[in-house]
Each structure stands twice: as C-alpha cells, then as structure tokens.
Amino acid sequence: MDNSIYQRTAAVLAGESLTAEQALSLISKVKKNDSALTALHQGAEAIRQQFCGEQVELCSIVNAKSGRCAENCAFCAQSQHHQTTTPIYPLRQPHQLLEAAKRAEQSGARCFSLVTSGTRVLPGEETDILLRALEQIATQCDLDPSVSLGFLDPQTATRLVAAGCVTYHHNLETARSFFANVCSTHSYHQALDTLKIAQQAGLRLCSGGIFGMGESWAQRIELACSLRELNIDSVPINFLTPIAGTPLENQPALSTDDCLTIISLFRYLLPQARISVCGGRQYQLKARQNEIFKAGASGMMIGDFLTTSGSALSLDHQLLQQAGMSW
Ligand code: SF4
C-alpha cells in the first residue's frame, strides 16, 4: 500500500478524522498512479470492515407521488421546469404503499422509504395519507420506515415520529459551492434546516448527493465534510443518470474508477456512516458493480429508483454473492 495512504488509513482506523486538505491530497496521489488507487480502495475496504462489518444493508424506495415539482433541480425528471416523459401521478393510497413495503421486505430491504415529489407535502389529506401508510408499515413489516418528503416543519416531524417513521431522507445533492449550478428555486440553507428539524425530532438522517454533475473533487470533499458536520447516519451515493429533457441530459458519464474512488473518499471521511450506492449504479458502474464494497460501500439500494428502473432482484443477489457480502 502507498505509504502515505497507509498512514491515513491507519489514522482513520484509529478514530482520527481526515481533514479536507488530507482528503484532497489522497485524491491527487490516486490521480498520479494506479497503485495509489488500489491502495485507496484497500484502505476504504479495511475501514468499512472495521466500522460496518461484512453485512450489507439493503434499502428500497417507492415513488409515492410523481412529477409536477415546482423546484428546478437540474438532474431531476420530475421538475415541471423540464420536458421529460416521466409519469405524473398523485399520492398513492396507504394500501398501495404498504404493498410496496411488503415487497421490499421480501426482497431483503432493511429500510424502506416513501418518496414524494414536490417542495413539501401538503398539510391535511396528503400528510394524513402518509401518516396512515407509515403506521401500517411500522406495525406490519419488519423494516425501518423512512420518508423523503421535501422540506419539513417541526410539527410534521413530530407526527412522523409518532407514526413510526425512523429515518428522514433529504439529500444535500452537492457541495454548497456548486449548488447554484444545480438548483435556483431553493437554497442550500433550506436543506440544512430540514435535516436539523428532522434530527431534533429524533429521526435518523439519511442524506447524500449525486455525482457526475460537473462538480470538482474538492467539491465532493466539501459535501462529505458538510455531511460529517451534520452527523448523518446514512449517506446515499448517487451517480448521475442523464435524463432526456433535463439540463444535464448531455452530461458525460464519470469513469468507473472515479465512481469507485468517490465511494472510497466518502468512506475515509465518514468512516462510521452507512454508505449506500443508489441511483446510477447500473448506468455508471456496469460490470464492476460488485466492486462497490471493496471500495468501501456498506449498503445498496435495490428495486427501482425514483424515475429509472433498477436491476432484477436475482441479479442484485447474485452481485452480493459475487462480492462475498451477506445481507
Ligand atoms: S429533486 Fe425533488 S425537489 Fe428537486 S425537482 Fe426533483 S422532486 Fe423536485
């Protein structure tokens, strides 16, 4: 293993935090030679083994309400600012959401999230439907119920906890310094506020980002450091799948090595977090998806993503077996 990477790995294994400058220096080494890249992945795997073990946490989501979002996130097929062919439908009923949760449980998911498009859910009927669905999932399924409902207020957060919700998901999406390139209809600050409200209500936090939107390595590190400051429990790593009709439709794909290095980088900076590879796994990693755990991931999303299809369950289980991981 490259000597300085070995030293950084030993420090993280001993409980020290890497600074942003140290993380950037790791990346500059990796960019100069292949043995440093191998060393980084080996180090990330050792950190994952020490802090997370060999059991993968699988999660799954349902797009509970799709399309017509007033926000203009550049990557998103559900924004009404973009011309896409994504389906548009109102909030699903509790029995439909419960059925989706039961399917996720049977597939091996330990966490299941109800995800709605839009800035926030409407008080009244929409919130009531979601609370009823959460209560049913919490009492009838053996998995952790989670929601991703846009911006959150303290009253709704308290009601979510009472209904059995365990985790609130809200991605920061990218670094604060890159955010203006991705969205202009809301601020980074609003996302930070929502995470803090969820945390204060007693919800676990799930927040990560999308990579491959044109951000730099320094900005990827900046995002990881912001997540670390917030004490995020679970960090979804998504790789951009360019969608026709969105401003990022022609964004070039990342290299597979860069995708794996992003996972390793996050493992070094967030050694104890559940780091799950979610959207874009199939598109960006293709035949090398089974390397995500060697690169430091400890979780993976199964089933379909919000607006793109996932793999067949049998293929995902095969992938986990090839990688020598249990779930
Ligand atoms: S990512 Fe969420 S907030 Fe942004 S446009 Fe899509 S649905 Fe709306």
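Q: How do the residues of the shell around the ligand divide into nonpolar, polar and charged?
A: Keep in mind that this is a predicted model. The shell divides into four nonpolar residues, three polar ones and one charged.

Q: Which residues are around the ligand, and what makes them count as near?
A: They are Cys69, Glu71, Cys73, Phe75, Cys76, Ser79, Ser117 and Gly118. A residue counts as near when one of its heavy atoms lies within 4 Å of the molecule.

Q: What makes the one charged residue of the shell charged?
A: Glu71 is among the residues around the ligand, and Glu counts as charged, so Glu71 is the charged one.

Q: How many residues has the largest nonpolar core, and which have the most contacts inside it?
A: This core has 99 residues, and Leu114, Phe239 and Phe266 are those with the most contacts inside it. Helix α9, residues 256-269, gives the most to this core, with eight residues. There is also a second, separate core of six residues, which includes Cys59, Ile61, Val115 and Cys278.

Q: Why is isoleucine 262 called buried?
A: Buried means under 20% relative accessible area. Isoleucine 262 has 0% relative accessibility, so it counts as buried. This residue is found in helix α9. Leaving aside neighbours within four places in sequence, isoleucine 262 is in contact with Phe211, Trp217, Arg220, Ile237, Phe239 and Leu254.

Q: What does phenylalanine 266 touch, not counting residues up to four places away in sequence?
A: Phenylalanine 266 touches Phe211, Arg220, Leu223, Ala224, Leu227, Val235, Ile237 and Ile275.

Q: How many aromatic pairs does a search of the whole structure find?
A: The search finds two.

Q: Why is the pair of phenylalanine 179 and tyrosine 188 called edge-to-face?
A: Two tests are needed: ring centres within 6.5 Å make a pair, and planes over 60 degrees apart make it edge-to-face. Here the centres are 5.3 Å apart and the angle between the planes is 65°, so both tests are passed.

Q: Are phenylalanine 179 and tyrosine 188 buried or exposed, and how do you know?
A: Phenylalanine 179 has 8% relative accessibility, and tyrosine 188 has a relative accessible area of 5%. Both values are under 20%, so both residues are buried.

Q: What makes phenylalanine 211 and phenylalanine 266 an edge-to-face pair?
A: Their centres are 5.3 Å apart, and 75° lies between the planes.

Q: How do you know that the charge of arginine 220 sits over the ring of tryptophan 217?
A: The charged end of arginine 220 is 4.5 Å from the ring centre, and the distance part of the test asks for within 6 Å. Another case is lysine 286, which lies over the face of tyrosine 283 at 5.2 Å from the ring centre.

Q: Why is valine 147 called buried?
A: Its relative accessible area is 0%, and the limit is under 20%, so valine 147 is buried. Valine 147 is found in strand β3, residues 144-148. Among its contacts beyond four places in sequence are Ser113, Leu114, Leu134 and Tyr168.

Q: What makes the phi of glutamate 173 and of asparagine 231 worth a look?
A: Most residues other than glycine have a negative phi. Glutamate 173 has a positive phi of about 75°, and asparagine 231 has a positive phi of about 60°; neither is a glycine.

Q: Where do glutamate 173 and asparagine 231 lie?
A: Glutamate 173 lies in the loop between β4 (167-169) and α7 (188-200). Asparagine 231 lies in the loop between α8 (217-229) and β7 (234-239).

Q: Which label, buried or exposed, does each of glutamate 173 and asparagine 231 get, and why?
A: At 15% relative accessibility, under the 20% limit, glutamate 173 counts as buried. Asparagine 231 is at 57%, over the 50% limit, so it counts as exposed.

Conventions: Residues are numbered from 1 along each chain as its sequence is written. This is a predicted model: local features need pLDDT of at least 70, side-chain atom pairs count only at pLDDT 80 or more; totals for chains, interfaces and linings use all residues. Side-chain values use heavy atoms; hydrogens and water are left out. A nonpolar core is a set of buried Ala, Val, Leu, Ile, Met, Phe, Trp, Tyr and Cys residues joined through side-chain atoms within 4.5 Å. Buried means under 20% relative accessible area, exposed over 50%, partly exposed in between (1.4 Å probe, protein chains only). Helices (H or I, at least four residues) and strands (E, at least two) are DSSP runs, numbered from the N terminus. Contact means heavy atoms within 4.5 Å. Rings of Phe, Tyr and Trp (its six-membered ring) pair if their centres lie within 6.5 Å; planes under 30 degrees apart count as stacked, over 60 as edge-to-face and the rest as tilted. A charge sits over a ring if NZ of Lys or CZ of Arg is within 6 Å of the ring centre and within 35 degrees of the ring normal.
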